[in-house]
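User: Could you take me through this one? I would like the overall picture and then the details.

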Amino acid sequence: MKKIAVFTSGGDSPGMNACIRAVVRTGIFRGLEVYGIQRGYEGMIEGDIKRMHSHSVSNIIQRGGTILKSARSMEFKTPEGRKKAYENLTALGIEGLVAIGGDGTFTGAKVFFEEFGIPTVGCPGTIDNDIYGTDFTIGFDTAVNTALEAIDKIRDTAAAHDRIFFVEVMGRDAGFIAVECGIGGGAEFVMVPETKTDLNSVVKSLKNLRKSKSSSIIVVAEGDDLGNADQIMTMVKEKIKDPSKEFKVTTLGHIQRGGNPTARDRVLGSRCGMGAIDGLLAGKTNCMSGVVNNELVYTPFSDCIGRTKPLNPDHLALIDILSI
Ligand code: ATP
């Protein structure tokens with residue numbers, strides 16, 4: 001293998017740049033020519049692919065976002081789109097790929113490998129932490145810390161006015177961000193997609209809590225089965241039926257994706273990036289380079305996509321116990 005290309009795809013996450021840097025520099029260190037594909041599968045289809053050098057990734061390890069930009073590509077989901085992508089890669093003599101993204105990105109990479117056979121290793125770049133085969137995903141730690149900083153600020157104003165705050169964090173299908181913020185931010189409740197939310201018991205507990213506490217923080221993952229934070233707040237308010245209680249909603253939204261990556265995300269991105277190159281050179285393909293129990297491991301894309309990473313039930317119990 002002499003030429004490889006790297007791209008970022010799906011939702012961006014802080015630490016993707018550290019990962020790109022590690023891919024480029026490890027590749028060059030190991031004697032490869034490295035190319036960068038702009039805007040994920042979109043750029044692969046359009047042939048937006050450029051040679052990268054060591055200096056191409058200078059001064060980016062501390063930056064959020066991705067210098068290669070990211071995109072969602074409908075065309076790559078079609079056989080015609082993937083054929084165009086393959087032709088662009090072969091025209092440049094690219095013999096290996098590093099795909100940095102989430103489960104959608106790995107699904108695309110798996111389909112592409114099965115059709116055209118270009119060896120591909122993935123790196124888990126998503127804030128959601130919902131990928132099997134790695135303890136943490138690149139960007140999760142930064143997103144949690146960003147959300148936590150916001151929750152700390154909300155707590156000040158919640159306490160000052162004796163308010164009940166519903167704080168919505170990202171997590172359409174997974175509650176990892178909500179659980180971590182809930183523990184770190186001292187939330188009274190955390191609502192996540194993985195568990196059924198029992199509205200009546202939340203209302204009952206809130207009424208009891210109000211006797212001992214003047215304010216409450218409820219962290220809601222955007223994909224909770226009862227709806228978003230706004231909808232849940234309306235339901236709770238109707239059931240509590242106390243005009244003296246004030247309810248507020250804050251949706252944190254895209255600030256959770258931005259910002260300088262934490263040390264953990266920079267280190268994780270760097271380790272997974274180096275692991276991707278070394279995996280490709282060792283003949284690995286159709287798999288992800290991740291970190292489990294502090295060891296670099298390779299997990300087949302089929303498991304990363306097909307297996308669910310469960311929430312730790314001890315963490316959910318911790319929230320209940322510590323909120324009394
Ligand atoms: P995140 O979860 O952080 O948003 P992701 O990688 O899961 O990241 P997606 O938007 O789900 O983000 O997927 C990224 C891209 O992967 C899609 O825009 C599409 O181009 C490609 N992709 C996803 N599923 C398939 C598929 N079944 N076949 C081909 N390509 C796919």
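User: How many helices and strands are there in the protein chain?

Analyst: The protein chain has 11 helices and 11 strands, where helices (H or I, at least four residues) and strands (E, at least two) are DSSP runs numbered from the N terminus. This is a predicted model, in which local features need pLDDT of at least 70 and side-chain atom pairs count only at pLDDT 80 or more, while totals for chains, interfaces and linings use all residues. Residues are numbered from 1 along each chain as its sequence is written, and side-chain values use heavy atoms, with hydrogens and water left out.

User: Which residue does UniProt list as "active site"?

Analyst: The unreviewed UniProt entry lists Asp-128 under that heading; such positions are given in the numbering used here, feature names are shortened, and annotations may be inferred rather than shown by experiment.

User: And where is Asp-128, buried or exposed?

Analyst: Asp-128 is in the loop between strand 5 (120-124) and helix 5 (140-161), and is buried, with a relative accessible area of 17% (buried means under 20%, exposed over 50%, partly exposed in between, with a 1.4 Å probe and protein chains only).

User: Switching to the ligand, which polar side-chain atoms lie by an oxygen atom of the ligand?

Analyst: Among them are one of Asp-103, at 2.9 Å from a ligand oxygen, and one of Thr-126, at 3.1 Å from a ligand oxygen.

Notes
Polar contact = N/O pair within 3.5 Å; in protein donor to acceptor, adjacent residues only side chain to side chain.
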